[in-house]
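Welcome! Let's take a friendly walk through this structure, one part at a time.

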Amino acid sequence: MEIVLQVLLLVLGFVMLMKGADWFVDGAAGIADKFGIPQLVIGLTIVAMGTSAPEAAVSITAALRGNAAITIGNVVGSNIMNILIILGIASVIVSIAVAKSTVKYEIPFMLVITVLLTVLGSTGGYITRMEGVILWIAFILYLTYLFFMAKNSKEETEEEGEKKPVWHFLLLLIIGVLLVVKGSDFTVEAATNIAKAAGLSDRLIGLTIVAFGTSLPELVTSTSAALKGKADIAIGNIVGSNVFNILFVVGTTALITPVLFEAKFLIDSIIAIGAGVLLWLFVFKDRKLKRAGGIVMLISYAGYFAYLMI
């Protein structure tokens, strides 16, 4: 009877994820059109921060409880999965066009801050409060860049948005993100309980179901956006989420308490840098992430997963 209940919760979680992602993307795209803001900016900000809510909640809550040690694993693991799995799956389903500014500025910026995190963490074994301030300064600079990008683009375009009122899109956005986040909770909890009943170890569950669960919002949102032809939201969501995870999540956690950077995270951080470089190389030439690139990304994650299981 318990297993039947968990299966029903799993199905409910997936339904909430799919419907939530649908409304979330429609709301975000509608707001972008209404105010003449580029969809890329919406993807890099509202959508990215919304889908990163699970990582932020887990890390900041853990820090407040005096257990910030999980932060780096949560953030770096999620960033690797966002690029290799999320963009891998999305681009296998449909080719994703990438904006020129994403290739020239946003992906390189994501790489720079991933290197910065690796250097800060590996030199002292901790991300200190002062280093948290550095990450927050970088976050403010990033938001300033996005503000000017939105302002300039708005001045260049005078197109009218959709006829529906702003509150309609805001409501879609808010209900969508709530459904996505809560749906991922239901999915992870139910899948974990089913796996435990099947006799799987906590470590295997943690490395698979829980890790994948916190990235489910990014997966459903990016895939839904790509299928709707909103490629800027799809790619912006992932790049923005990775930037948000490092600068806001780690930065905020470090301001609360120093964040432990274990020696084993050096390899994971290098892999996160490698994943970013791989993405940049695939989109550099014709600004499109194609199926072949997605397949290579998924194979790369399989190799990383095999390393984790050793």
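## Two helices side by side

Axes are lines fitted to C-alpha atoms, for helices over the stretch in contact, and angles run from 0 to 180 degrees between N-to-C directions. Helices (H or I, at least four residues) and strands (E, at least two) are DSSP runs, numbered from the N terminus. This is a predicted model, where local features need pLDDT of at least 70, side-chain atom pairs count only at pLDDT 80 or more, and totals for chains, interfaces and linings use all residues. Residues are numbered from 1 along each chain as its sequence is written, and side-chain values use heavy atoms, with hydrogens and water left out.

Start with helix α4 (residues 70-93) and helix α10 (residues 231-256), which pack at an angle of about 175 degrees with their axes 10 Å apart. The two are therefore roughly antiparallel to each other (angles under 35 degrees count as roughly parallel, over 145 as roughly antiparallel, 65 to 115 as roughly perpendicular and the rest as oblique). Residues making the contact (heavy atoms within 4.5 Å) include Ile72, Ile83 and Leu87 of α4 and Ile235, Ile238 and Ile246 of α10. By class, this contact has eleven nonpolar, eight polar and no charged residues. Here Ala, Val, Leu, Ile, Met, Phe, Trp, Tyr, Cys and Pro count as nonpolar, Asp, Glu, Lys and Arg as charged, and the others, Gly among them, as polar.

Buried means under 20% relative accessible area, exposed over 50%, and partly exposed in between (1.4 Å probe, protein chains only).

Leaving aside neighbours within four places in sequence, Leu279 is in contact with Ile83, Leu87, Ile107, Met110, Ile235, Leu289 and Met297.

## Buried or partly exposed?

Look for Tyr142 in helix α6 (residues 129-156). Tyr142 is buried, with a relative accessible area of 4%, and its contacts beyond four places in sequence are Leu44, Phe109, Gly240 and Val243. Thr118, in helix α5 (residues 100-124), is also buried, at 7%. Not counting residues up to four places away, Thr118 touches Phe261, Leu266, Ser269 and Ile273.

Val94 lies in the loop between α4 and β1 (96-97). With a relative accessible area of 26%, Val94 is partly exposed. Its contacts, again leaving aside neighbours within four places, are Ala226 and Leu227.

## Helix lengths and what follows

The expected span of a helix is 1.5 Å times one less than its number of residues. Helix α1 (residues 2-35) has 34 residues and reaches 49 Å from its first C-alpha to its last, close to the expected 50 Å. Helix α9 (residues 216-227) has twelve residues and reaches 16 Å, close to the 16 Å expected. Eleven of the twelve residues of α9 are buried, so this helix is largely enclosed by the rest of the structure.

Just after α1, Gly36 takes a positive phi of about 70 degrees, and α9 is followed by Gly229, whose phi is positive, near 80 degrees. Most residues other than glycine have a negative phi. Arg287, a residue other than glycine, has a positive phi near 50 degrees. Arg287 sits in the loop between α11 (265-284) and β4 (288-289) and is partly exposed, with a relative accessible area of 38%.
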